[in-house]
Amino acid sequence: KEWWADMKYIFNEALRSCLFPVLLLFVGLIPVIGIMLVFVLESHLLGRESIIAYTDSLTDPDEALELRGKWRWLPIRIGWLPTILAFIPFIGWLFLPLSLTYEVIGLAFLAEQSRNK
């Protein structure tokens, strides 16, 4: 049962990772507000990946689900910097992996600090 639940979760995340970029391409074609919508959606996706990297390392799956629910609006707030870097050609693309790594480490540090209090 647990294996099947893990497989469903992995398949769901893989499907999202494949479909959201295609969705962003079409949303970006909307005049005037398209670029703003792409920015917000991409911020959410990049921030969500940082949160998933932390919650997947937790040993208690119930706690991981609780944190994902509690941090519902956090992905947009922590994803804006990587999104800006993604829009900057070459220099931004070079610093994007570094900023994502520091973002995940910082999120894990702050989350562990708040869990220990």
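A residue is called buried when its relative accessible area is under 20%, exposed when it is over 50%, and partly exposed in between, using a 1.4 Å probe and protein chains only. By that rule, buried residues make up 27% of the 117 residues in the protein chain.

This is a predicted model, in which local features need a pLDDT of at least 70 and side-chain atom pairs count only at pLDDT 80 or more, while totals for chains, interfaces and linings use all residues. Residues are numbered from 1 along each chain as its sequence is written, and side-chain values use heavy atoms, with hydrogens and water left out.

**The overall picture**

Let us start with the fold. The protein chain has six helices and zero strands, so named because helices (H or I, at least four residues) and strands (E, at least two) are DSSP runs, numbered from the N terminus. Read from the N terminus on, the elements run α-α-α-α-α-α. The C-alpha trace spans about 45 × 30 × 25 Å along its principal axes.

Contact means heavy atoms within 4.5 Å. Among contacts between residues at least 6 apart in sequence, 61% join residues at least 24 apart. The accessible surface of the protein chain comes to about 8600 Å², and 73% of that belongs to carbon and sulfur atoms; these areas come from the Shrake-Rupley method with a 1.4 Å probe, and for residues only the protein chains shown count as cover.

How confident is the predictor? The pLDDT, its confidence in each residue, goes from 0 to 100. The protein chain averages a pLDDT of 86, and 100% of the residues score at least 70. Confidence is lowest in helix 3 (residues 61-70), at a mean of 80, and highest in helix 5, at 89.

**Charges and salt bridges**

Lys and Arg count as positive and Asp and Glu as negative, while His and the chain ends are not counted. The place of a charge is taken as NZ of Lys, CZ of Arg, CG of Asp or CD of Glu. On this basis the protein chain has 10 positive and 12 negative side chains, and the centres of the two sets lie 5 Å apart.

Side chains of opposite charge can pair when their charged atoms come close. A salt bridge is a side-chain nitrogen of Lys or Arg within 4 Å of a carboxyl oxygen of Asp or Glu, and the count comes to two salt bridges:

| Salt bridge | Closest N and O atoms |
|---|---|
| Glu13 and Arg16 | 3.9 Å |
| Arg48 and Glu13 | 2.9 Å |

Arg48 in helix 2 and Glu13 in helix 1 are 35 residues apart, so this pair links distant parts of the chain. Glu13 and Arg16, by contrast, are three residues apart in helix 1, separated by about one helical turn. Glu13 is buried, at 15% relative accessibility, and Arg48 is buried too. Arg16 is partly exposed, at 33%. Together, Glu13, Arg16 and Arg48 are linked in a network of salt bridges.

**Two loop residues to look at**

Most residues other than glycine have a negative phi. Phe90 lies in the loop between helix 5 (80-87) and helix 6 (91-116) and is exposed, with a relative accessible area of 61%.

Terms used. pLDDT is the predictor's confidence in each residue, from 0 to 100.
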